Amino acid sequence: MRSDLIAAGMIHRWLSANAPELIDGWAFECPDDLNVFLERANTIMPGIDAQFTSQGSVARTAIELWDLKDVVLLGGGMPTPLTPKPEQVRYYTDLSHEVVNEVGQMGYNTQVADVKKVDDLKALGGAQAAVATGLFHFLEDDAVGLVLDNLAQAGFHTLVFNNMGTNIPEDLIVNWTKLGYKLIAREPEDVPRTLRSGWRVQDALTMPRFFASNQQLGPKLVQLDNIYYIYRLVRD
């Protein structure tokens with residue numbers, strides 16, 4: 001089952017209950033097997049659909065909050081009503097050729113790109129800012145450093161990402177482990193040890209502070225559990 005469709009299904013589920021007006025015009029169909037998986041996942045990890053929704057809201061919120069230009073979405077997956085519009089991003093990337101082909105038909109300028117391959121990032125000509133969500137809390141410090149080195153070599157000057165904090169519930173860590181993922185929790189004071197290639201932390205915002213600027217879902221998102229920070233790194 002495609003992970004991007006799981007994320008889209010989670011967001012669809014949460015929006016249906018909390019902001020159904022945003023679903024209007026979204027041609028997303030949730031097949032029976034995906035729906036069964038979503039129900040099971042939310043039984044095991046209550047509120048995980050809200051977690052996916054908040055992550056899905058990071059990119060557009062960041063673009064509008066910090067007036068980011070020449071933006072690349074890294075590992076964008078399947079677009080949802082919360083995704084930046086085509087005119088807000090220079091490139092929409094993913095590892096999956098299937099995803100890139102589908103998203104390209106929606107008006108986005110798409111490219112297959114692997115953040116661990118510097119040549120893939122260098123091919124994103126004119127890009128200045130990158131946004132990655134749901135990625136860095138699955139990367140060890142050395143892997144984060146590699147991604148930062150690659151982005152620097154490719155000419156990026158801004159990176160926005162989210163990372164789970166150390167207040168994440170233990171049962172959530174256990175359940176992600178059961179799914180085969182190791183979560184790397186970090187606080188703002190932990191991030192500098194991962195930095196390379198001239199990167200520095202410009203902003204480290206809690207979820208309520210960050211999403212307060214979101215015009216679509218701000219009042220609802222700021223009420224979610226504050227389990228991660230949103231970081232903006234810059235290079236001078």
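**Entry 1, the whole protein.** I began with the surface: the protein exposes about 11000 Å², and carbon and sulfur atoms supply 48% of that area. I note here that the model is predicted. I then looked up how much of the chain is covered, and 52% of the 236 residues count as buried. For secondary structure, I found 10 helices and seven strands. The radius of gyration is 17 Å, close to the 18 Å that the globule rule gives for 236 residues, so the protein is as compact as a globular protein of that length. I also took the box along the principal axes; the C-alpha atoms fill roughly 45 × 40 × 35 Å. Last, I checked contacts with a separation of 6 or more, and 69% of them come from residues 24 or more positions apart.

**Entry 2, H1 against H2.** Before the numbers, I wrote down that two packed helices are described by the angle between their axes and the distance between the axes. I looked up helix H1, residues 3-18, and helix H2, residues 32-44; they pack at about 70 degrees with axes 10 Å apart. Angles of 65 to 115 degrees count as roughly perpendicular, so that is how H1 stands to H2. From H1, the residues in contact are Leu5, Ile6, Gly9, Met10 and Arg13. On the H2 side I listed Leu34, Phe37, Leu38, Glu39, Ala41 and Asn42. Sorted by class, this contact of H1 with H2 has seven nonpolar, two polar and two charged residues.

I repeated the look-up for H1 and H3, which pack at about 105 degrees with their axes 8 Å apart. H1 and H3 are therefore also roughly perpendicular to each other. H1 brings Ala7, Met10, Ile11, Arg13 and Trp14 to this contact. H3 brings Ile48, Asp49, Ala50, Phe52, Thr53 and Gly56. The class count for H1 with H3 is seven nonpolar, two polar and two charged.

Eight of its nine residues are buried, so H3 is largely enclosed by the rest of the structure. The buried ones are Ile48, Asp49, Ala50, Gln51, Phe52, Thr53, Ser54 and Gln55.

Which residue other than glycine has a phi near 50 degrees? I found Asp67, with that positive value. Asp67 sits in the loop between helix H4 (58-66) and strand E1 (71-74). At 51% relative accessibility, Asp67 counts as exposed. I noted Ser197 as well, which is not a glycine and has a positive phi of about 60 degrees. The loop that holds Ser197 runs between helix H8 (170-178) and strand E6 (200-206). With a relative accessible area of 33%, Ser197 is partly exposed.

Conventions
Residues numbered from 1 in each chain as written. Predicted model: local features only at pLDDT ≥ 70, side-chain atom pairs only at ≥ 80, totals over all residues. Heavy atoms only, no water. Axes fitted to C-alpha atoms, helices over the stretch in contact; angles between N-to-C directions. Helix = DSSP H or I, 4+ residues; strand = E, 2+ residues; numbered from the N terminus. Parallel < 35°, antiparallel > 145°, perpendicular 65-115°, else oblique. Contact = heavy atoms within 4.5 Å. Nonpolar A, V, L, I, M, F, W, Y, C, P; charged D, E, K, R; others polar. Buried < 20%, exposed > 50% of the residue type's maximum accessible area, 1.4 Å probe, protein only. Rg over C-alpha atoms; globule rule 2.2 N^0.38 Å. Areas by Shrake-Rupley, 256 points an atom, 1.4 Å probe, with all protein chains shown as cover.
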